[in-house]
Amino acid sequence: MPSLESIYKIGVTGSAGSGKSLVCERFGQLGLVVFDCDEIARQVVAPGGEGLAALVERFGQSILNRKDRLDRRKLRQIIIRDAAAKREVEAVLHPLIQQRLLHQLKAASYKRTVPAAAVEVPLLFESGMDSLFDTTVVVTSEEVQLIERIRDRDGVSHEDAEQLLASQMSQQEKSVRADHVIHNFQNRSQLFESV
């Protein structure tokens, strides 16, 4: 019976806006199975889920939208401005995300045609999840590009984008900890070539 050891696991991380999703997209084009911990996080905070119930218990109904779903923007605003709240959210969600990811990796290991898995993990080193992977990749970019991409993607102010980056581990520290570094300074085709 296959185990987690039967599939090669690549952890992909980087600061917000660095291009992690593009790197994983390219891994998918190369035949790897790809998982996204942000998507898994959305699953664990779905209505009726254990993650959402724990967050509402801690932060109250104000983090919900009109449809009783998590308002990710409101929660992001809270954790950008409050380091203790950020740690609390991570303490609730990281174990749930890791458990679900392990389940999905085990399911992928049963497919003999899958050579490896690439997993996008925004907080790979911060969460300690790097120990789950055979190799780690960090995607880096110029800080001005990161801020611009976060502003465009999330519809936030320049200041909020800067605060989000400041709340994360620095690109330099991630690069030192990672096995491989991919620089996303050029265009998409050059990034894909780097992968």
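Which residues lie nearest the centre of the largest pocket? The views below take up this point after the fold of the chain.

This is a predicted model, in which local features need pLDDT of at least 70 and side-chain atom pairs count only at pLDDT 80 or more, while totals for chains, interfaces and linings use all residues. Residues are numbered from 1 along each chain as its sequence is written, and side-chain values use heavy atoms, with hydrogens and water left out.

**View 1. The chain and its elements.** The secondary structure comes to nine helices and five strands, where helices (H or I, at least four residues) and strands (E, at least two) are DSSP runs numbered from the N terminus.

View 2. Five strands, paired in the parallel sense, form an open sheet in the order 2-3-1-4-5, two strands being paired if DSSP finds at least two bridges between them. Strand 2 (33-36) and strand 5 (180-183) stand at the edges with a single partner strand each, so one side of each is left without a neighbour in the sheet.

**View 3. Strands 1 and 4 with helix 1.** Strand 1 (residues 8-14) pairs with strand 4 (residues 135-140) over five bridges, and V12 stands opposite V137 in strand 4. Helix 1 (residues 20-29) lies across strand 1, strand 2, strand 3 (116-120), strand 4 and strand 5, and runs at about 155 degrees to strand 1; axes are lines fitted to C-alpha atoms, for helices over the stretch in contact, with angles from 0 to 180 degrees between N-to-C directions, and contact means heavy atoms within 4.5 Å.

**View 4. The lining of the largest pocket.** Of the 38 residues that line the largest pocket, D38, R72, R76, P122 and Q168 lie nearest its centre; a pocket is an open set of points on a 1 Å grid over the protein atoms alone, where a 1.4 Å probe fits, with protein on both sides within 12 Å along at least five of seven lines, and lining residues have an atom within 4 Å of a point. Helix 5 supplies the largest share of the lining, six residues.
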